[in-house]
Amino acid sequence: MQDHPVQNPPRPRNIAIVGTGPTGLYTLHHLLASERPLTVTLFEAAPLAGVGQPYSPDSAQVTMLANIASIEIPPLGETYLDWLHRQPVVLLQACGVDPSGLHERQFLPRLVLGAWFRDRLEHMLETARARASRGAARTGAGHRRGTGGR
Ligand SMILES: Cc1cc2nc3c(=O)[nH]c(=O)nc-3n(C[C@H](O)[C@H](O)[C@H](O)COP(=O)(O)OP(=O)(O)OC[C@H]3O[C@@H](n4cnc5c(N)ncnc54)[C@H](O)[C@@H]3O)c2cc1C
């Protein structure tokens, strides 16, 4: 009988993302598309991760509009406009947004854009956790691929 060398799974590469504003979120989005085993750690100094500095309740009020519309914002799993259509009418109305008039070239409150970014972070973390558990089951060796946040 011939011996076959056992191939260890590749060791995960460790990556830190400092800041979970839009730059951090699009970096994470890109990393999630990678087939390489990765361990990603997110660091965030603000009390609320994932909203971005100008779109946070700490710095914006409902009357302050973002100057970027859905058509200009790269999707993060879904488009900003698709997410807007999924939001409860009362929530949009509370932000002064008419749910019947949503369109892709509209400028909306910064707080609403921050809420989308936050939702997208949560979605990416769920995706990463699901992949980590699938990866561990596949290797059976405890190698993890995913994210952790602070
Ligand atoms: C007042 C204002 C309004 C703006 N409005 C618009 C707009 O309408 N449209 C537009 O396209 N752009 C706008 N911008 C530009 C805006 O900076 C970018 O859209 C976007 O926020 C940049 O994303 P970012 O992730 O690079 O930075 P930020 O959004 O600033 O996110 C950086 C994150 O990193 C965290 N952080 C910083 N240092 C550390 C650390 N040492 N450790 C851990 N976490 C850290 C911060 O808490 C923050 O959450 C605006 C900028 C400002 C200042």
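## The whole chain

Start with everything selected. Among the contacts in the chain with a separation of 6 or more, 67% are between residues 24 or more positions apart. Show the chain as a cartoon: there are 4 helices and 3 strands. Followed from the N terminus, the elements run β-α-β-α-α-α-β. Of the 150 residues, 25% count as buried.

This is a predicted model, so colour the chain by pLDDT next. The mean for the chain is 89, and 87% of the residues reach 70 or more. Now select residues 141–150, where pLDDT stays under 50. The model has 38 contacts beyond four places in sequence for this stretch. Where pLDDT is low, predicted coordinates should not be read in detail.

## Helix α1

Select residues 22–32, which form helix α1. Which residues of α1 are buried? They are Pro22, Gly24, Leu25 and Leu28. These residues lie on the same side of α1, because they cover an arc of only 160° around the axis.

## Around the ligand

Keep α1 in view and display the residues around the ligand. Helix α1 supplies the largest share of this shell, 3 residues. Which residues come nearest to the ligand? Of the 17 residues around the ligand, these are Gly19, Gly21, Gly52, Gln53 and Pro54. Colour the shell by residue type: 8 of its residues are nonpolar, 8 are polar and 1 is charged.

## The largest nonpolar core

In soluble globular proteins, nonpolar side chains tend to be buried together. To look at such a group here, select Tyr55, Val112, Leu113, Trp116, Phe117 and Leu121. They have the most contacts inside the largest nonpolar core, which has 24 residues. Two or more residues of this core come from each of α1, β2 (38–43), α2 (80–86) and α4 (110–139). Which element gives the most to the core? It is α4, with 11 residues.

Pick Val112 from that group. Leaving out residues up to four places away in sequence, Val112 touches Cys95 and Val97.

## The loop between α3 and α4

Move on to the loop between α3 (89–94) and α4, and select Leu102 in it. Is Leu102 buried or partly exposed? Leu102 counts as partly exposed, because it has 16 C-beta neighbours inside 10 Å, and a buried residue would need 20 or more. Show its contacts: apart from neighbours within four places in sequence, Leu102 is in contact with Leu81, Leu84 and His85.

Gly96 is partly exposed, with 13 other C-beta atoms within 10 Å; a residue with 12 or fewer would count as exposed. Not counting residues up to four places away in sequence, Gly96 touches Val62 and Pro109.

Key
Residues are numbered from 1 along each chain as its sequence is written. This is a predicted model: local features need pLDDT of at least 70, side-chain atom pairs count only at pLDDT 80 or more; totals for chains, interfaces and linings use all residues. A residue is near a molecule or strand if its C-beta atom, placed from the backbone, lies within 6 Å of it. Ala, Val, Leu, Ile, Met, Phe, Trp, Tyr, Cys and Pro count as nonpolar, Asp, Glu, Lys and Arg as charged, and the others, Gly among them, as polar. A nonpolar core is a set of buried Ala, Val, Leu, Ile, Met, Phe, Trp, Tyr and Cys residues joined through C-beta atoms within 7 Å. Two residues are in contact if their C-beta atoms, placed from the backbone, lie within 7 Å. The arc is that of the directions from the helix axis to the C-beta atoms. pLDDT is the predictor's confidence in each residue, from 0 to 100.
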